[in-house]
Amino acid sequence: MGANDTVCRACGQGTIGVAGSTSPAPGGRLRAHLGTLSILWFVFATLLLIGAAVTYTISHFMRLRLEGNGPPVAELIGPMVLFSVSMLCLALATGSFAAGWGLYNRRDWGRPVALVMGFIFLLKPPFGTALGIYTLWVLMSNNADQQYRAMAATA
């Protein structure tokens, strides 16, 4: 920290300035909720990974069970649909993990990724919708863009 700095570069907390006044830490509400938001994105990514593993396993066993025993269309379509669902869950889990990682480490790209994922998950009730609303509430509040940039610069 330099002699004329009013904000600690390591933690973002305000320091006592030259005239004895304190400078408010950048972030305000954003800082208060960013840790919780990043943890929720990690939790949601984990749940999606579990869903991907379960649907992939079911599709694999369904393919083995139907092989040669059912109509050819059923042998193909059922496992393919479940495999596609598992790959979609895997892709969404990757995006969720990236959002959580970017927010937790205060990367420049973390806020845009979290906003995109928040908008996507608005269509995934009930937990995805709640996480999407919370993400938008935290990251689109007044001056959140400047506050996040200030926090990312100090990280």
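R106 is found in the loop between α2 and α3. In this predicted model, the phi of R106 is near 55 degrees, a positive value in a residue other than glycine. R106 has a relative accessible area of 22% and is therefore partly exposed, as the cut-off for buried is under 20%.

With a relative accessibility of 52%, N143 counts as exposed. The loop between α3 and α4 contains P126, and the peptide bond from P125 to P126 is cis, with omega near -10 degrees. For context, most residues other than glycine have a negative phi, and most peptide bonds are trans.

## Overall make-up

The chain has five helices and zero strands, so that its elements read α-α-α-α-α from the N terminus on. Of its 155 residues, 31% count as buried. The accessible surface of the chain comes to about 9200 Å², and carbon and sulfur atoms account for 69% of that area.

Contacts between residues at least 6 apart in sequence were also sorted by separation: 61% of them join residues at least 24 apart.

## Nonpolar core

The largest nonpolar core has 22 residues. Within this core, L30, L34, L37, W41, L103, F121 and L139 have the most contacts. Each of α1 (29–66), α2 (72–104), α3 (110–121), α4 (127–139) and α5 (144–154) supplies at least two residues of the core. The largest share, six residues, comes from α1.

L103 illustrates how these parts meet. Leaving aside residues up to four places away in sequence, L103 touches L34, L37, S38, W41, G110, R111, A114, L139 and Y148.

A nonpolar patch on the surface is formed by I39, V43, L47, I50, V54 and I58. Together these residues have about 530 Å² of accessible area. One of them, I50, has its place in helix α1. In general, an α-helix has 3.6 residues a turn, so residues three or four places apart point the same way.

P79 is placed in helix α2. Its relative accessibility is 7%, so P79 counts as buried. P79 and S59 are 20 residues apart in sequence, but their C-alpha atoms are 4.5 Å apart in space.

Helix α3 has 12 residues. From its first C-alpha to its last, α3 reaches 16 Å, close to the 16 Å expected at 1.5 Å a residue. The buried residues in α3 are G110, R111, A114, L115, M117, G118 and F121.

Helix α4 has 13 residues and a first-to-last C-alpha reach of 18 Å, close to the 18 Å expected at 1.5 Å a residue. In α4, G128, T129, L131, G132, Y134, T135, L136, V138 and L139 are buried.

## Salt bridges

A search of the whole structure finds two salt bridges. In one, the side chains of R111 and D145 meet at 3.4 Å, N to O. R111 lies in helix α3 and D145 in helix α5, so this pair ties together parts that are 34 residues apart in sequence. R111 is buried, because its relative accessible area is 14%. D145 counts as partly exposed, with a relative accessibility of 29%.

The side chains of R149 and D145 also meet in a salt bridge, at 2.1 Å, N to O. R149 and D145 are four residues apart in helix α5, which means that about one helical turn separates them. R149 has a relative accessible area of 49% and is partly exposed.

Note on methods. Residues numbered from 1 in each chain as written. Predicted model: local features only at pLDDT ≥ 70, side-chain atom pairs only at ≥ 80, totals over all residues. Heavy atoms only, no water. Core = buried A, V, L, I, M, F, W, Y, C linked by side-chain atoms within 4.5 Å. Buried < 20%, exposed > 50% of the residue type's maximum accessible area, 1.4 Å probe, protein only. Contact = heavy atoms within 4.5 Å. Patch = residues over 30% accessible without salt bridge, like charges linked within 9 Å, V, L, I, M, F, W, Y side chains within 5 Å. Areas by Shrake-Rupley, 256 points an atom, 1.4 Å probe, with all protein chains shown as cover. Salt bridge = Lys/Arg side-chain N within 4 Å of Asp/Glu carboxyl O. Expected span 1.5 Å × (residues − 1).
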